[in-house]
Amino acid sequence: MPIKGLIFDLDGVLVDTVPAHFAAWKRMFEEHGYEFGKPEYRRLVDGRPRYDGARAVMTEHSEDEVRTAADKKNDYYIEMIERGDFRVFDAAVRLVRQCQSEGYGLAAASSSANVRSVLEKAGLLDAFPVVIGGDDVENGKPNPDIFLAAADGLGLKVDECVVIEDSTSGVEAAKNGGFYCIGLLHEEHESELAAADFVISSLVEIDIKRIDESRSDVHV
């Protein structure tokens, strides 16, 4: 079945908010006495809803303490986003606008509850008729709920959509939902996206017709 829709993760795919997320997590965790570096970020919180991420690190704290800390992290993150401490990937803008002009259904699906505000600041909100945030679904990644909700919002079947992700939990979520998944592999994340159907290092490598052909090979 030909591709009719593309579902984009936000952080690390459309925009580079990872430094802001990392800085906000690090500040919050260190205030609570935890050492927190890039390995912990990738392994424990990247791609997950913030309460799940906080819970994965703050194992000695109560649920109320974890939720309060996670909300504080979000406050720090929003402060940085409001200051414009992120960048929009040029390749993402070109791909999104191309797909928009060619009539593909577009959805943004992010564990972040701030996905709409970030897309608006990035000048991309108009391209996405469907936007699903982490607070819109019951189960976060690696559960597939967020991508299933995005496909449903587009009025498309799973096999009519392609998910573009850059996190391990995001790729797992896509595959758990039965989606064809393109993994965007950043240099510092070598071999972490092995479960993806197709791996790229930049969105400029995406050719929809080529992806359609490779999907056909996978599903034969």
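Predicted model: local features only at pLDDT ≥ 70, side-chain atom pairs only at ≥ 80, totals over all residues.

I started at Phe128, which touches Phe8, Leu14, Val96, Leu106, Ala107, Ala108 and Leu119, leaving out residues up to four places away in sequence. Contact here means heavy atoms within 4.5 Å. Residues are numbered from 1 along each chain as its sequence is written, and side-chain values use heavy atoms, with hydrogens and water left out.

**Cores.** Which residues have the most contacts inside the largest nonpolar core? They are Phe8, Phe128 and Leu203, in a core of 57 residues. Its largest share, 7 residues, comes from helix 4 (residues 63–82). I also found a second, separate core of 21 residues, which includes Ala107, Ile132, Cys161 and Cys181. A nonpolar core is a set of buried Ala, Val, Leu, Ile, Met, Phe, Trp, Tyr and Cys residues joined through side-chain atoms within 4.5 Å. Buried means under 20% relative accessible area, exposed over 50%, and partly exposed in between (1.4 Å probe, protein chains only). Helices (H or I, at least four residues) and strands (E, at least two) are DSSP runs, numbered from the N terminus.

**Helices 1 and 2.** I looked up the axes of helix 1 (residues 18–31) and helix 2 (residues 38–45): they come within 11 Å and cross at roughly 100°. The axes are lines fitted to C-alpha atoms, for helices over the stretch in contact, and angles run from 0 to 180 degrees between N-to-C directions. Helix 1 and helix 2 are therefore roughly perpendicular to each other. For the labels, under 35 degrees is roughly parallel, over 145 roughly antiparallel, 65 to 115 roughly perpendicular and the rest oblique. From helix 1, Val18, His21, Phe22, Trp25 and Phe29 meet Lys38, Tyr41 and Val45 of helix 2. By class I get 6 nonpolar, 1 polar and 1 charged residues in that contact. Ala, Val, Leu, Ile, Met, Phe, Trp, Tyr, Cys and Pro count as nonpolar, Asp, Glu, Lys and Arg as charged, and the others, Gly among them, as polar.

What do the buried residues of helix 2 pack against? I noted helix 1, helix 3 and helix 8. The buried ones in helix 2 are Tyr41, Arg42, Leu44 and Val45. Just after helix 2, Gly47 has a positive phi of about 85°.

**Helices 3 and 4.** The axes of helix 3 (residues 50–57) and helix 4 come within 9 Å and cross at roughly 120°, so this pair is oblique. Arg50, Tyr51, Ala54 and Arg55 in helix 3 meet Glu63, Val66, Arg67, Ala70, Asp71 and Asn74 in helix 4. That contact has 4 nonpolar, 1 polar and 5 charged residues. Asp75 also lies in helix 4, and at 37% relative accessibility it counts as partly exposed.

**Helix 8.** In helix 8 (residues 168–176), I list Ser169, Gly170, Val171, Ala173 and Ala174 as buried. Their cover includes helix 7 (145–154), strand 6 (161–165) and strand 7 (180–184). Gly178 follows helix 8, with a positive phi near 85°.

**Last stop.** I found a cis peptide bond joining Lys141 and Pro142, with omega about 15°. Pro142 sits in the loop between strand 5 (130–132) and helix 7. Most peptide bonds are trans.
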